[in-house]
Amino acid sequence: MTQTQTSASTIGNYAPDFELPGIDGEVYHLASSLELLQGLGVAFISHECPYVQLYLDRLKQIQGEFGDRGFSLMAINANDSDRVPSDNFEQMKIFAQEQTLNFPYLRDPSQDVALGFKVEGTPEVFLVDKSGIICYRGAIDDCPESPQTVTKHYLRNAIAALLENKPISPAKTALVGSPLKWREA
């Protein structure tokens with residue numbers, strides 16, 4: 001199966017519901033999670049993406065900053081593990097332990113969830129409000145190479161605005177990362 005991408009924005013649309021296995025043995029369901037939260041950041045990541053490596057500490061900081069305010073990150077690995085063996089479920093467990101992830105880490109083996117979100121790459125984050133509407137899509141910030149030189153904290157600002165019931169601007173930013181590894185035909 002091959003994936004053709006569209007650049008159509010998903011902002012303002014319902015997030016595709018999902019039920020995916022987490023590395024902790026739990027099964028995570030979008031709708032059930034939103035019953036308990038004011039917002040959810042769905043971050044598509046992979047182990048082989050150098051941009052994910054640059055952003056991991058910032059994602060953990062964001063979870064720490066907003067985790068007690070009705071928000072959670074949820075990372076999803078949708079890379080084809082035949083093409084990228086380091087992204088298989090067992091390696092995900094090792095990666096999460098080594099990186100001390102403080103948010104759930106899920107596997108999308110069918111790539112159906114990634115298709116539903118129209119994911120372009122990793123790391124790409126979708127901010128979903130309590131009603132299930134995607135209200136932000138894109139990059140974490142404007143400087144993957146250096147957290148000290150970030151001038152635009154896109155994701156942090158979007159989360160803060162969501163939690164304060166304020167408009168999110170910008171609602172979409174360009175992906176800074178690597179293309180998702182789709183299954184080949």
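**Salt bridges.** I began with charge pairs, taking a salt bridge to be a side-chain nitrogen of Lys or Arg within 4 Å of a carboxyl oxygen of Asp or Glu. By this rule the count comes to nine salt bridges. Before going on, I noted that this is a predicted model, in which local features need pLDDT of at least 70 and side-chain atom pairs count only at pLDDT 80 or more, while totals for chains, interfaces and linings use all residues. Residues are numbered from 1 along each chain as its sequence is written, and side-chain values use heavy atoms, with hydrogens and water left out.

For the elements I go by DSSP runs numbered from the N terminus: helices are H or I with at least four residues, strands are E with at least two. For burial, I call a residue buried under 20% relative accessible area, exposed over 50%, and partly exposed in between (1.4 Å probe, protein chains only).

**Glu48 and Lys181.** I looked at this pair and found a salt bridge, with the closest N and O atoms 3.4 Å apart. What does the pair tie together? Glu48 lies in the loop between strand 3 (39-44) and helix 2 and Lys181 in the segment after strand 9 (178-179), so the bridge joins parts that are 133 residues apart in sequence. Glu48 is partly exposed at 30% relative accessibility, whereas Lys181 is buried at 18%.

**Asp57 and Lys60.** Here is another salt bridge, at 3.4 Å from N to O. Both residues sit in helix 2, three residues apart, about one turn of the helix. As a reminder to myself, an α-helix has 3.6 residues a turn, so residues three or four places apart point the same way. I get 48% relative accessible area for Asp57, which is partly exposed, and 15% for Lys60, which is buried.

**Other bridges.** Lys166 pairs with Glu164, their closest N and O atoms being 3.3 Å apart; Glu164 is partly exposed at 41%. I also noted a network of salt bridges that links Glu120, Glu124 and Arg137.

**Helix 2.** This helix covers residues 50-66, 17 residues in all, and reaches 25 Å from its first C-alpha to its last. That is close to the expected 24 Å, the expected span being 1.5 Å times one less than the number of residues. Where does helix 2 bend? The bend is at Leu56, by about 45 degrees; I take the bend as the angle between axes fitted to the seven residues ending there and the seven starting there. The buried residues of helix 2 include Val52, Tyr55, Leu59, Ile62 and Phe66. Their cover includes strand 4 (71-77), helix 3 (89-99), strand 6 (121-122) and helix 5 (154-163).

I then checked Gln63, which is in helix 2 and is buried at 11%. Leaving aside neighbours within four places in sequence, Gln63 is in contact (heavy atoms within 4.5 Å) with Phe71, Ser72, Leu73, Asn102 and Phe103.

**Helix 3.** The buried residues of helix 3 are Met92, Phe95 and Ala96. They cover an arc of only 100 degrees around the axis, which puts them on the same side of helix 3; the arc is that of the directions from the helix axis to the C-beta atoms. On the other side, Gln97 and Glu98 are exposed. The buried residues pack against helix 2, strand 4 and strand 5 (105-107). Gln99, also in helix 3, is partly exposed at 22%, and beyond four places in sequence it is in contact with Gln53, Leu56 and Lys60.

**Cysteines.** How many disulfides did the search of the whole structure find? It found zero, a disulfide being a pair of cysteine sulfur atoms within 2.5 Å. For Cys143, the nearest cysteine sulfur is that of Cys49, 15 Å away. Cys143 is buried at 13%.

Most residues other than glycine have a negative phi, and most peptide bonds are trans. I found a cis bond from Thr122 to Pro123, with omega near -10 degrees, and another joining Ser169 and Pro170, with omega about 0 degrees. Gln111 has a positive phi near 65 degrees and is buried at 1%. Asn165 has a positive phi of about 55 degrees but is exposed at 71%.
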